[in-house]
Amino acid sequence: MYTTKFTTFPSDITVKMTSVGPTMPASTFLSCARRCMKYVTTCSSFLYNQTINTCIPGSWLVRSETSVTSTLATLYYKPGAFCESRLVNFTIKSYGDVSACMWLSNSSANYDTARKYCLNLGSHLYTIRIPNKLFILLDVVHTLNVDYWVGLNDIAEEGVFRWEDDNSLWKKDWTLFASGQPDNLGNEDCVQYSPTFYPINDRPCSYLSRFICEISPLLS
């Protein structure tokens with residue numbers, strides 16, 4: 001199970017790892033992977049030193065002039081944990097112990113076009129499963145009086161909202177939409193951040209809006 005989630009990071013790319021937990025003892029690569037996944041909810045990479053049998057759990061990997069690895073330690077990661085696209089500049093934003101690798105568009109598009117654009121970048125429209133992901137979004141866009149598509153819609157079945165990244169259901173276990181929303185006024189099947197209907201509102205999918213793309217290592 002764990003060996004299929006992680007792979008060795010390419011040695012020709014110099015990166016730094018965001019550490020998300022204390023150094024732990026681990027006798028093998030497999031035990032390091034198990035400990036990282038068991039004790040760190042945001043585990044998407046780790047540094048394993050087979051000489052002294054230590055394991056350092058991590059999340060995002062970003063390019064750096066100095067390498068996180070050495071001749072004694074090997075870096076493992078989930079393929080989506082490298083916060084980079086060849087086409088645009090993704091950045092890491094954090095709130096509390098949660099981080100997101102995201103990119104904001106400067107142009108507007110309908111929902112389907114925005115969705116396909118994100119997919120072409122190796123990403124998906126931004127998802128907001130937990131409050132800290134909403135706080136990250138608000139921290140990034142609160143000074144901008146602009147609407148942004150996010151990755152939630154009920155296109156397949158009215159009233160049944162699903163996340164773009166894995167098609168899972170919005171569980172409605174915390175307040176996400178603005179008061180009185182979603183209301184499906186005028187066949188509104190897609191969801192956006194809105195400074196008018198703050199913070200989240202449903203809109204017709206044909207509406208032209210800016211959008212936010214996200215790379216998610218935990219889905220890899």
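User: How many disulfides does a search of the whole structure find?

Analyst: Start with the rule: a pair of cysteine sulfur atoms within 2.5 Å counts as a disulfide. In this predicted model, searching the whole structure gives five disulfides. One of them joins Cys-36 and Cys-43, with sulfur atoms 1.8 Å apart.

User: What is the handedness of the link of Cys-36 and Cys-43?

Analyst: Look at the angle about the S-S bond. For Cys-36 and Cys-43 this angle is 110°, and the link is right-handed. The link of Cys-118 and Cys-213 has -85° about the S-S bond and is left-handed.

User: Which parts does the pair Cys-118 and Cys-213 tie together?

Analyst: Find the element that holds each cysteine. Cys-118 sits in helix H3 (residues 111–120) and Cys-213 in strand S14 (residues 210–215), so the pair ties together parts 95 residues apart in sequence. The sulfur atoms of Cys-118 and Cys-213 are 2.0 Å apart.

User: Why is Cys-190 called buried, and why is Cys-205 called partly exposed?

Analyst: Buried means under 20% relative accessible area, exposed means over 50%, and partly exposed lies in between. Cys-190 is buried because its relative accessible area is 0%. Cys-205 has 22%, so Cys-205 is partly exposed. A disulfide joins these two cysteines, Cys-190 and Cys-205, with an S to S distance of 1.9 Å.

User: What pattern do the disulfides of the protein chain follow?

Analyst: Count the bonded cysteines along the chain, then write down the partners. Here the pattern is 1-4, 2-3, 5-6, 7-10, 8-9.

Methods
Residues numbered from 1 in each chain as written. Predicted model: local features only at pLDDT ≥ 70, side-chain atom pairs only at ≥ 80, totals over all residues. Heavy atoms only, no water. Helix = DSSP H or I, 4+ residues; strand = E, 2+ residues; numbered from the N terminus. Buried < 20%, exposed > 50% of the residue type's maximum accessible area, 1.4 Å probe, protein only.
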